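Hi,

Here's the structure I said I'd pass along.

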Amino acid sequence: LGMGHKDSNSTSNALAVQLDSSGKVKYDILARQGQSKDKIVYSKLSDLLPVEVVAENDPSLEKPNQEEIDDLTEKTRQALMKITNSKIAAAMPVRRAEKQGPAEFIRYTPSQQGTAFNSGAKQRVIRLVEAQVDPMEPPKFKINKKIPRGPASPPAPVLHSPTRRVTVKEQKEWKIPPCISNWKNAKGYTVPLDKRLAADGRGLQQNHVNENFAKLAEALYIADRKAREAVETRAQLEKKLAQKEKEQKEEHLRQLAQKARDERAGIRVVASDPKNMDSEERERDLLRQDRHKERARERNLARAAPDKRSKLQKERER
């Protein structure tokens with residue numbers, strides 16, 4: 001019955017041990033199992049290093065010679081010219097038919113020989129000509145069909161340092177305080193004021209005073225000082241003008257009093273005719289009339305309201 005014997009047709013996923021050029025086991029076969037042959041799989045430490053470090057004498061890294069440079073330059077120029085000509089032709093309003101390539105001749109020898117086949121000829125010459133293309137014909141096939149991409153190659157492995165225990169200091173540094181709101185406190189937490197101020201972010205702000213504030217303050221101080229000086233100068237000037245006017249009035253009154261004393265002493269005879277009075281005499285008469293009216297007014301006030309008289313006298317003395 002074949003009991004206990006392994007089936008020769010059974011499939012197994014066991015891999016054969018393979019060695020590399022240095023005699024070490026190639027463990028990257030495990031990573032490549034089930035993948036396509038074109039897929040890049042990084043499985044060694046040397047895969048993380050650049051090619052310049054791993055293979056310094058690689059011929060592909062050598063500088064190309066002048067012939068290769070010229071050949072590559074010519075190919076690049078032809079490709080650019082082809083793209084440029086196609087864009088120029090597409091931009092033109094009227095397109096002409098593209099130039100056909102030269103005809104090719106192919107010698108054909110049929111496998112079946114005889115008079116019944118191929119009209120009795122042993123060989124035939126076939127002329128191959130490119131078919132004429134209508135430039136105004138719309139495209140026959142969809143060329144914008146999107147094809148899904150195949151699986152990409154896995155990225156290079158990221159090497160991490162070995163895990164270590166977290167210290168108490170690192171735990172405190174990684175501790176994130178809860179959010180503190182100045183408007184809502186749904187759970188009724190009692191938050192100290194220093195914690196609220198710390199959470200407010202005021203300590204993180206740096207108050208920077210613009211230098212223009214100092215310039216503005218200095219300009220205002222200078223303007224205020226100049227305004228005060230101007231007011232003081234104006235007040236002194238007005239005071240001097242008032243003093244000068246007062247001195248002129250006193251001098252004028254002194255002259256009038258001197259003339260009055262001279263007239264009383266008989267030095268000068270006063271004319272009774274008002275037409276012969278000069279201007280000084282008329283002014284003296286007006287002054288006498290004003291003083292007479294003022295004395296009459298004071299007498300009337302003294303009779304009617306003695307308190308008001310004392311107030312007026314005090315104001316006059318001031």
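Let's start with Lys-75, which pairs with Asp-71 in a salt bridge whose closest N and O atoms are 4.0 Å apart. (A salt bridge here is a side-chain nitrogen of Lys or Arg within 4 Å of a carboxyl oxygen of Asp or Glu.) Both residues sit in helix H3 (residues 66–91), and because they are four residues apart there, about one helical turn separates them. Helices are DSSP runs of H or I with at least four residues, numbered from the N terminus. Lys-75 is exposed at 52% relative accessibility, while Asp-71 is partly exposed at 41%. For those words, buried is under 20% relative accessible area, exposed is over 50%, and partly exposed is in between, with a 1.4 Å probe and protein chains only.

Before you go further: this is a predicted model, so local features need pLDDT of at least 70 and side-chain atom pairs count only at pLDDT 80 or more, while totals for chains, interfaces and linings use all residues. Residues are numbered from 1 along each chain as its sequence is written, and side-chain values use heavy atoms, with hydrogens and water left out.

In total there are seven salt bridges. Another one joins Glu-137 and Lys-140, at 3.6 Å between the closest N and O atoms. Glu-137 is partly exposed, at 38%, and Lys-140 is exposed, at 65%.

Then there's Glu-263 with Arg-284, 2.5 Å from N to O.

Cheers

Conventions:
Helix = DSSP H or I, 4+ residues; strand = E, 2+ residues; numbered from the N terminus.
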